[in-house]
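Reader: I would like to learn how to read pockets, strand pairing, patches and salt bridges in a model. Please take them one by one.

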Amino acid sequence: MCRLLAFHVKGKLDNNLIQALKKVSEYDELSMYKGHPDGWGIVALVREGRDWNMIYHRSSKPAYQDSRFDEIEISGDEI
């Protein structure tokens with residue numbers, strides 16, 4: 001089952017939040033499936049000055065097995 005997270009921050013995205021999502025994708029004691037072995041993705045709108053840009057990434061690998069997941073670093077005036 002898909003998990004969605006929505007939030008609004010100013011400055012930089014807290015990497016601890018990203019790592020928590022990775023951990024719960026490997027083992028989620030609240031899920032009847034106990035994990036999320038499917039792929040993952042991210043969509044973010046980032047404001048820099050007056051301009052808004054979209055970041056989009058999709059992977060067929062589970063978040064806990066994809067080294068690109070650890071490369072997520074998003075910053076801007078607003079996210």
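Reader: Which element gives the largest share of the lining of the largest pocket?

Author: Strand β2 does, with six residues. This is a predicted model, in which local features need pLDDT of at least 70 and side-chain atom pairs count only at pLDDT 80 or more, while totals for chains, interfaces and linings use all residues. Residues are numbered from 1 along each chain as its sequence is written, and side-chain values use heavy atoms, with hydrogens and water left out.

Reader: What counts as a pocket and as its lining?

Author: On a 1 Å grid over the protein atoms alone, a pocket is an open set of points where a 1.4 Å probe fits, with protein on both sides within 12 Å along at least five of seven lines; lining residues have an atom within 4 Å of a point. Its volume is the space filled by probe spheres set on the points, which are joined across faces, edges and corners. Here the largest pocket holds about 850 Å³. It has 30 lining residues, and Arg3, Leu4, Leu5, Gly41 and Ile42 are the closest to its centre. At least two lining residues come from each of α1 (15-26), β2 and β3.

Reader: How many lining residues of the largest pocket fall in each class?

Author: Nonpolar means Ala, Val, Leu, Ile, Met, Phe, Trp, Tyr, Cys and Pro, charged means Asp, Glu, Lys and Arg, and the others, Gly among them, are polar. The count is 21 nonpolar, six polar and three charged.

Reader: What lines the second largest pocket?

Author: That pocket has about 160 Å³ of space. Its lining includes Trp40, Ile42, Tyr56, Arg68 and Glu73. β3 gives the most to this lining, with three residues. By class, the lining has six nonpolar, one polar and three charged residues.

Reader: How many strands and helices are in the chain?

Author: Elements are DSSP runs numbered from the N terminus: helices (H or I) need at least four residues, strands (E) at least two. The chain has one helix and four strands, in the order β-α-β-β-β.

Reader: How do β2 and β3 run, and how many bridges join them?

Author: Two strands pair if DSSP finds at least two bridges between them. β2 and β3 are antiparallel and joined by nine bridges. Arg47 has Trp52 of β3 as its bridge partner, and Val46 has Asn53. Two residues lie between the strands of this hairpin, where Gly49 has a positive phi near 70°.

Reader: Which residues form the nonpolar patch on the surface?

Author: Patch residues have over 30% relative accessible area and no salt bridge; nonpolar side chains (Val, Leu, Ile, Met, Phe, Trp, Tyr) are joined within 5 Å, like charges within 9 Å. Accessible area follows the Shrake-Rupley method with a 1.4 Å probe, and for residues only the protein chains shown count as cover. Val43, Leu45, Trp52, Met54 and Tyr56 form the patch, with about 600 Å² of accessible area together. Two or more of these come from each of β2 (40-48) and β3 (51-59). β3 gives the most, three residues, and Leu45 belongs to β2. In a regular strand the side chains alternate between the two faces of the sheet.

Reader: How many salt bridges does the structure hold?

Author: A salt bridge puts a side-chain nitrogen of Lys or Arg within 4 Å of a carboxyl oxygen of Asp or Glu. The structure has four. One of them joins Lys12 and Glu73, at 3.8 Å from N to O. This pair links distant parts of the chain, 61 residues apart: Lys12 is in β1 (residues 11-12) and Glu73 in the loop between β3 and β4 (75-76).
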